Amino acid sequence: MTASEPQAGSATKPRPAPRRTPPERAGGGATLWAGLALIGLVVLAAVVSAFWTPFDPEGVFPDSILLSPGAEHLFGTDSFGRDVFSSILRGAQISLLVGTVAVGLAAVLGVPFGIVAGMNPGRLDQFMMRGNDISLAFPALLLAIIFGAIFGAGTVTAMVALGIGTAPAFALIARSGTMQIMSREYVQAARASGKSGLFIGMRHVLPNISGMLIVQASVSFGIAVLAEAALSYLGLGTPPPTPSWGRMLQDAQGYLFIEPLLIVWPGIAIAIAVLGFNLLGDGLRDRFDPKMQVKR
Amino acid sequence: MRAHTQRSMFASMAAVMVAFVALVGCSDGSSTNEADADTSLTVGLLATPGNLDYTTTAGAAIPQALLYNVYEGLVKLDNDGAIIPLLAESWTVSDDGLVYDFLLHEGVTFSDGSPFTAESVKFSLERVKDNWTANGPAYLDPIASIEAVSDTEARITLSKPSNSWLFNMSGPVGTMFTESGLADLATAPVGTGPYTVSSFKTGDSLVLAANADYWGEAPYMTDVTLRYFTDATAQTNALLSGDINLVAGISQFQLVDQFKSNTDFQVLEGASTGEVTLSMNNVSDAFSDVRVRQAVMYAIDRQAVMDTANSGYGLLIGSMVPPTDPWYDESLADLYPYDPDQATELLAEAGVSDLTVAFKIPNLPYAVAAAQVVKDQLAKVGITADVTALEFPAVWLDEVFSNHDYDMSLIMHSEPRDVTVFAAPTYYAGYDSPSVMAKFAEADAADPTSYIDMMKEVTTTMAEEAAANWLYLQPAISLADADLIGVPKNTPSLALDLSTIAR
Amino acid sequence: MVLVVLRRLGVFATTVIVASVVTFLMLSILPGDAARIALGVQATEADVAAQATAMGLDRPAIVRYLDWFGHVLIGEFGTSTVSRQAIGPEITDALGITVILVLTSVVLALLFAIPFGILTAVRQRKPDGAILSGISQIGVAVPGFLAGMLLVTVFAVTLRWLPAGGWVDPGNDFGGFLEHLILPAIALGSVQGAVLSRYVRSSVLEVMREDFIRTARAKGLGAGRALFRHGLRNAAVPVMTVLGLQIATLLVGAVVIERVFSIPGLGSLLLDKVALRDLPAVQGIVLVLVVFVLLLNFLVDLAFTLIDPRLRSVS
Amino acid sequence: MTPSTPTLSVKDLRVGSPFNELLHGISFEIAAGERVGLIGESGSGKSLTATSVMGLLPETLMATGTINLNGIDADLLTASERRLNRLRGNTMAMVFQEPMTALNPLMRVGAQVAEIMMVHRTERGRRQARQRAVELLARVKLPNPAEAALAFPHQLSGGQRQRVMLAMALANDPQLLLCDEPTTALDVTVQAEVLKLIGDLVTDRGTALLLITHDIAVVAEVCQRVLVMYQGDIVEDGPVGRVLTAPQHPYTRKLIAASDLSSVDDRGRLHTMSMPVIATPPAAASSPRPSQADAAAAPILLPHRAAHQRLEQGGPPVIFNEVAGAGAIRVRGLSRQYRRRGGGLFAPAPIVHGLREVSFDVAEGQRFGIVGESGSGKSTLMRILCALDQPTSGAVDVLGQSIGGASERQLRDFRSQVQIVFQDPMGSLDPRMKVRDIVAEPLHHVGRAEAQARVEAQLAAVGLDADVMHRHPHQFSGGQRQRISIARALITRPRVLVADEAVSALDVSVRAQVLNLLADLVDEYQLTLVFVSHDLGVIRHLCDTVAVISDGRIVECGPTASVYDRPLHPYTRQLVSATPSMDELARRVIA
C-alpha cells in the first residue's frame, strides 16, 4: 500500500472565481486534531516509558505469570509475568522508531530521486521512472523476508526493508509534485534569474511539495506500524525481550483461550497508532491544497 | 431525489451484506472431517519435510512420517523403547556379540511388487556407507560383512561387539530398500510398510494410503493425511475446529490446558527423547573453565525456566539421558540445585567478573521463550547474556553448529541416545574428554549389563563436568479426538507409528 | 494504439530483465550454506563440498545468472535443491492458490468498499456518514492477521462452522474449496475493503466537486443520478490504480494471512524456501512475484487506456 | 405566458454563509426573450447570482429572498429538489465558463447532449435523442456534427466544447439561458464567433438570456440591457447603449473608463479606478536612478520605426522589423520543435512545431508587442528570448548574447540583463517565500544589507511600502502581486524586459494601474520591452510596434497604429475586428 489517496482530475488553469468552498474544511480540523491527539498518546507512552514504567517490561517474573487485570497490573501480566501495561508503554517506542526510521529513510531515498526525475523531464525522467517501477515490484514485505534472510531478522532489518520498500511511493509523489511546481511561473522566473537546478530544487520545489510529502509520510507511518506488527508475526520483527506490539500480539495468540485480553491490549495500541496517523494524514490532506495530490 | 438515492444505496449495501451472510451461512454445519469415514485420519504436524529422501536429507520430519509407516527395517522400537522384531521374525546373537543371524518374514514384498529377501538386507545396508549422507550412516560402522544365507536368512557380522548397533538398526539407517525403488527417493518412496505415499506437497500435506499388499496386520486407518503447520496455534485451532484428528507432539504447552477440560478431546502425555539443552561452548574463553560452567548450572532455576517457557510441562533430567534409556539416573536432576550464591562464589573463584556471553539461540518459539528466562537468571549472578535469535536452521547451523562461533546456545536435541554424539570433541559443544570417549567405546563393546552401568557412569561424569546444562526433557504431548485409541504416547524413536491408531 | 502497446511491452521486457538481475544479485549474498542444510548436521566437510559442486554453487556468479535466467526464459526454473523436484510446478501451484485468495478477497473488498465508500462520501456532512467513515478508519487500523485470528477463533474454533485453515483444490472438492476459502478471503478482504473504501470515498468526494458533475446537475439530473451516471466512472480511475497496487502488494502481503490459515500460497512457499535456503526456488519465486507485479502495472496502464479516451489519443 | 410576466424575477436575493453575506439583497427581472448582461469584477457576486437561480449553491451557503421563473408559481429558493431537477435543463439551462472541465471526459459528447433530452423525456427514445443531438450540434455550427457527436471532449477544441455546452443548454428550448463567462477561456477570434452564436440562437428562439461576464465588450456584443454588480449589489441597470455612453453610477463610470485602453488622460495614462490600498508614488520621489554603469552604457536612442510587412501565403520568409546595426534582439530563421509527451525509450514521440522560420529584430528601447492566440507559439518565442528554452534551429541574439547552445555560465550576465514578468499573479510568486526573498532572488553576490536596501527601493518604485517585505504572496491582491513581480524583474536593472500576458489575469481596474506602472518604468529605466499578449487592445496601448504571430509564424509586423488601422494579413484583420475599441462598441450598440 504505497499510494497516497489519489485525487481525480487536476485542472491546471487557475480559476478566477473562488466559487466553491474547499472540501471538508469544516471536518478537516476535527480530523486533524483527533489524529494529533491519538499520536500524542502514543508519543507520550514512548517518552514516559523511556524514564519510567510501572514494572520492568523486559524482566521475567515467575511468581506473577498470567495474572488478570487488577489494581496492581492494570492490563494483567503475560506468560513471563511481565506487566502488560508496562510492555504496551514501552512498545510505543519500537512502533515510533520503526515508523520514523522507515518513513525517514523512504523520504531520504525517494524524495530527491523524485525531484530529480521531475525536474528533468524526458529521457532521464523516463529512465528513473522505469527504475522506480522495478523497485515498486519489490514490496516492503518481500524485501523484509529477503533482508531477514541475508542480514538476520530484527528491528533494523525491518526498518530498512520498510524504508526501501516505501521509497518508490515517495519518489512518485515527489516527482508528480515537482512536475506541477516546475510548471509554475516562479520557477521560470528563478531560472530566468540564473538560479541553479539545486537552488530551485531546494528553495522552490521542496518547500512547495512538502505539504503532500507530509501527508504521504503520515499515511506511510501508519502503514509502517502495521507492517512492523505483521513482520513480528512472521518472526521477522523485533526480537524479544524488547517489547513490540506486533510480537505481543503473536505471543498472545497462544493464550487466546487462557487469557484473551492479552490479544486485546496490543491490538488496541496498534489501532490507536495507525488510526492516529491516518487521521492526521486525512486532516493534513484537507488542509493542504487538494489539487496538489497525485494521480498515482 | 437525494433521499431516493440514499435509500437505493442503503439497499445495495444491505444486499451485499445479505450475500455475505449467505456465503458464510451456507457452510453451516458441514465441516470437512466429521465422522463420514471412520478409517481416515488427519494428523497435524509442525515441521514439514522438504522431500521424502532421508538417506541424503537431514531432519526429523522425514523419518517421522515415513519410518515404520512406509519404510521398515529388520527391527523397530516399540512405544516403550524396547527393540522388537519387524521384518526379522527373530534373530540370534553369537556369544562374542559379533554375529547376528536374522530370520526374515516370508512373502514380504515392497510396494512396487518386488520381493523382500536377505539380498535386500545386504543391498540396503551396504548402500548406507557410500550413498547415505544424512541420518547417521556412521551408526552402521560396526558392520564388517553382510551375508544372504538364504532368502529368509541374513547374517550380519560386526567388526567388534556393539550394544548400540541393534538399537540404531531400528532407526532410519536400518531401513530396507529395493533396488527397483530407488529411482525417485525424494518423491516416491518404495518400502515394505503398511502405508504407501499417495501424494506429497511440501509445506502442506503428505497423504498416505494403506498398502493393500501389506505382509503384516493391516492398519486400522486406511487414509492418513499428515498436515503440516507453521505454528502451534494454527495446529490446535485445526483440531478444535475438527479439521484434524490428532496433534502429534504439541510444541507450545500453554495450548494444552484448554483440551484437558474439553471432553471431545484427550491429552496424551508421554516421554520423548528431546533434551532441551543450554549448551556452553566448552572451548570458548567464557566457558573453558569448568567452574564457570558449574556456576551457570547453579545460576539457572530450571524449574522456573520450565514453568515459564513450557507452562510447567516437562521433566527435570540433569543429564542427557531420558527416562526411557536404561541408564537413566533420576538423582542427576538434583546434581546442581538452584543456588545463585554458589554460582557467584564459583565465578569469583574462577576470577570472572562482568562476564558477557554471546547467547545465540535458534529462532524457535521454545528457545526464544526459555532464553529470556535464562538471560534474566544469569543477570542475577552477574552474567550478561547477549541474546541473538538466529534463523533456524540456516543461520544457526552455520554460525553455531558448524563454525562454533558462540558462547552459549539453547536447543533441543531430539535424537534418541545422542549423548555419545554430544560428547565428541568435534561437536559444537566442544566438550573434549578423552576418558569419556574411551569409556563410551568401552561400554559399547561390553556385555549388556556392564554396558548400562558404564553408560550411567560416563553420563554422570558429563553432568558433573557440566558439559552442558540440560534444562529439562521436553514432554511428548499429543492431543487427539476423544474417540481415537492406540495413539503412540511416547516418542522413543523419530518415527510416528500410525499403524496402531484406531477408533 | 497497437504501437503504444508494443512500446510498453518493450519497456516491460527491459524492466523484467533488470528485475531479474536485481533478484539474482540480492539473493546471491544469502548467508547460510545450502549444501550444509541439505545434508544436515552429521555430514562431513567433504560431503558438503561435494554437495556444493553438485548443486553448481561453485561456478562464477555471471555464469550462474545466465544459466538461471536463460532457463527461466524457456520456462524452466530449475530443480529445487531441497525437494529435488522441478520448481516450476511448485511455484505455479502456490501462485494459483495465492491468486485465487487475493482475487476473492479483492472482490469481497470491492463489494464492501464501493457502496460503503460512496455512502460515506455522499453523507460526509451527516452524522451517519461520519460514523461510517470512522468505522472504515478503524478497519484500516486493524492488522489483517489479528482479524484472521479472531475469525478463526469465532467461526472455526468456537462455532465450528468452517475449517480453521488449510487449502482444498477446487478441482477435487469444490465445496471444500469454498469452505476453506471463505475465512481467509474475508480476513484479507476486510482490511483491504476498509482501505479501498477510503480511496473510493476520497475519489468520489473529489469527483463530486468536478465541473462536469455541476453540468449534469444543471441538466436536471439529481445529485445521486449525476454521481452515478457521470461520477463513478471518473472516480474509478484512481481507485483502479490503488487496486492494482493493492493486488501487487497482496501477492506477498497475503503471506501473513496464509500463515494464520496454514495456506500453502506463494508467500508461504517463499518463507519455507528461504528457511531451507533453497536458492533456485527462492530466486524463482521472487522473480515470479516481481514479474507479476510488473505485469499487473502494465495491465493497469492498459486498462486506463481503455477507460480513459484521453490516454488513447497519444498515437 | 403573458407579455407582462417576466421570465425571471429575482427579489431581494441575499446569499451568504452564517458569518458573511455575499449578496446583499439584489432584485432584477428579465423579460421573455430579453438579453441581459451581468457585469462585474471578480468577487462581485455575479456567479453566485446565477447559481442561486439554478439552485446549485454550495451546501455551505444559504439564500433568502424570492426567485420566480415564468409560469412557475413556486419560489425557486424553496422549491423541492425534485421540482428543481425538472426545471433545470428544461425550463432554464446554464453554460459554464470552463469548457475544458465542464464536460464528462469519459463520455462521448453526442451522448452528453442526448442525455438532457432523455432526462426530461423530451425525446421518445435513445435513438431519437441521439439524432436530435446531432441536429443540435449542427445548429451550433460544429463541423461534421455526426462525427463530432461520437468524439470525446478532449478531441474538441475549447470553442467547440463551448458549442457543445450550448447545444446541450438549448436542447429543450429553455425559456431562460444563463451563461457564466461563456467565452472568457476562449481565444479572441473564437470568442467572437461563440458570442455571435449565442446571440443568434437566443434571438431566434426568443430565449431570455442572462450573460455573466467581466468584459464590457462581451455584453455590448450580445445584450440589450446590462446589470452592473459591485460588491454584492447591483449598482446600475440600464440599456447597454446608455450604460456604455452615459454611465450613471460612479463605479460604472470608472469601470468603463478603465476598460477603454484607447482613452488616456492628458499625461498619456490610462484612466484608473481609485486604489484603496496603496497609493501610486509620485513618479519622481523615490524611484531609484539607473546605476552609473547602466547609465553610461545606455546608448542615445535613434527612434527606430518599423516597416509594415506581412508574410505572404507560401511566400519566402520575411525578416520583420529589421534593424540596421546592433539591435537589442536579433532573431533569424528560428524554429522550435517539440516531442509530444508520451514518447518512450524506444520510439520517437510525434513532433510538434512550436515555431517555424521566425526572423525579426527588436531595436534598443523599442516597445515590441507580440500578439497571438493560444498555441500560436508566442510563449515559446518568449521562453527562447529569455533563454529558458533552446531553439531547434536558427540564430537568436539578445543583447549580443547568442542563446543557442549557450551554457548557464555564459548566460550569467545575460540573466541579469533580461528579465520577465509573468501572467499569473498566483503562480508567479513562490507562496512559501517572503516578498523580500522573492524580489531579491535575481540578485547574485550581493550582501544582505545591500540586497535589503535595493529590495526596499525597488518595492517603492513599484508603489509598495517597505513593510510588505516580510509578508507572503497570498496576503496580496492580484495587482499587488503583479507589482511584486515587476519589482523582482527590475531589481537587476535589466535592459530588456519581457512581459508574458502580464495583465491578462487582472480585473480591468487593476489592469489599467499596472499598465500605467509598466509604461512609467519602461520609460524611466530605458527598457527594451517585449510584451506578449493575446489582447490586441493592451498591446496597442503599450507598444509602438506589434508582431502578429499565428501557427508558429509571424504573419504581420509593423507600427501598432498602422497594423491596427490597416491590417494586411487576413488573420490580423480577424483579430482586430474581434477586439473593438470602446468607441466602436458604443457605435455598434447604438446602431
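User: Which residue of β2(D) does S17(D) stand opposite?

Analyst: S17(D) faces N20(D) in β2(D). Keep in mind that this is a predicted model.

User: What makes β1 and β2 of chain D a pair?

Analyst: Two strands count as paired if DSSP finds at least two bridges between them. β1 (residues 8-17) and β2(D) have eight bridges, in the antiparallel sense, so by the cut-off of at least two they pair.

User: In what order do the strands of that sheet come?

Analyst: The order is β2-β1-β4 in chain D, an open sheet of three strands with antiparallel pairing.

User: Why do β2 and β4 of chain D stand at the edges?

Analyst: β2 (20-30) and β4 (62-69) each have a single partner strand, so one side of each is left without a neighbour in the sheet. On average, neighbouring strands here are turned by 10° against each other, direction ignored.

User: How do you know that β3 of chain D is mostly covered?

Analyst: Count its buried residues: five of the five in β3 (residues 35-39) are buried. To be called buried, a residue needs 20 or more other C-beta atoms within 10 Å of its own. On one side the buried residues are R35(D), G37(D) and I39(D), and on the other V36(D) and L38(D), so both faces are covered. In general, side chains in a regular strand alternate between the two faces of the sheet.

User: Which strands is β3(D) joined to?

Analyst: Five bridges join β3(D) to β7 (residues 208-213) of chain D, and four join β3(D) to β8 (residues 225-230) of chain D. Both pairings are parallel. In the pairing with β7(D), G37(D) has L211(D) as its bridge partner, while L38(D) stands opposite L227(D) in β8(D).

User: Why are α13 and α14 of chain B called roughly antiparallel?

Analyst: The axes of α13 (residues 434-445) and α14 (residues 448-464) cross at roughly 165° and come within 9 Å. Angles over 145 degrees count as roughly antiparallel, so α13(B) is roughly antiparallel to α14(B). The crossing is left-handed. Among the residues that meet are V436(B) and F440(B) from α13(B), and Y451(B) and M454(B) from α14(B). By class, the contact has eight nonpolar residues, one polar and two charged.

User: What about α2 and α5 of chain A: at what angle do they pack?

Analyst: α2 (residues 84-119) and α5 (residues 155-182) pack at about 35°, with their axes 5 Å apart. Their crossing is right-handed. The contact residues divide into 29 nonpolar, eight polar and one charged.

User: How many helices and strands does chain A have?

Analyst: Chain A has nine helices and zero strands. Of its 296 residues, 62% are buried.

User: Back in chain B, which residue in the hairpin of β8(B) and β9(B) takes a positive phi?

Analyst: G203(B) does, with a phi near 80°, and the hairpin has three residues between the strands. β8 (residues 195-201) and β9 (residues 205-210) pair in the antiparallel sense over six bridges, and K201(B) stands opposite S205(B).

User: Last one: how many residues of chain D are in contact with chain C?

Analyst: 32 residues of chain D are in contact with 25 residues of chain C. In chain D, α2 (81-87), β5 (92-95) and α3 (109-119) each supply at least two residues of that side. The side has 16 nonpolar, ten polar and six charged residues.

Technical notes. Residues numbered from 1 in each chain as written. Chains lettered and ligands numbered in written order. Predicted model: local features only at pLDDT ≥ 70, side-chain atom pairs only at ≥ 80, totals over all residues. Axes fitted to C-alpha atoms, helices over the stretch in contact; angles between N-to-C directions. Buried ≥ 20, exposed ≤ 12 C-beta atoms within 10 Å, placed from the backbone. Contact = placed C-beta atoms within 7 Å. Nonpolar A, V, L, I, M, F, W, Y, C, P; charged D, E, K, R; others polar. Parallel < 35°, antiparallel > 145°, perpendicular 65-115°, else oblique. Left-handed = near helix turned anticlockwise from the far one by under 90°.
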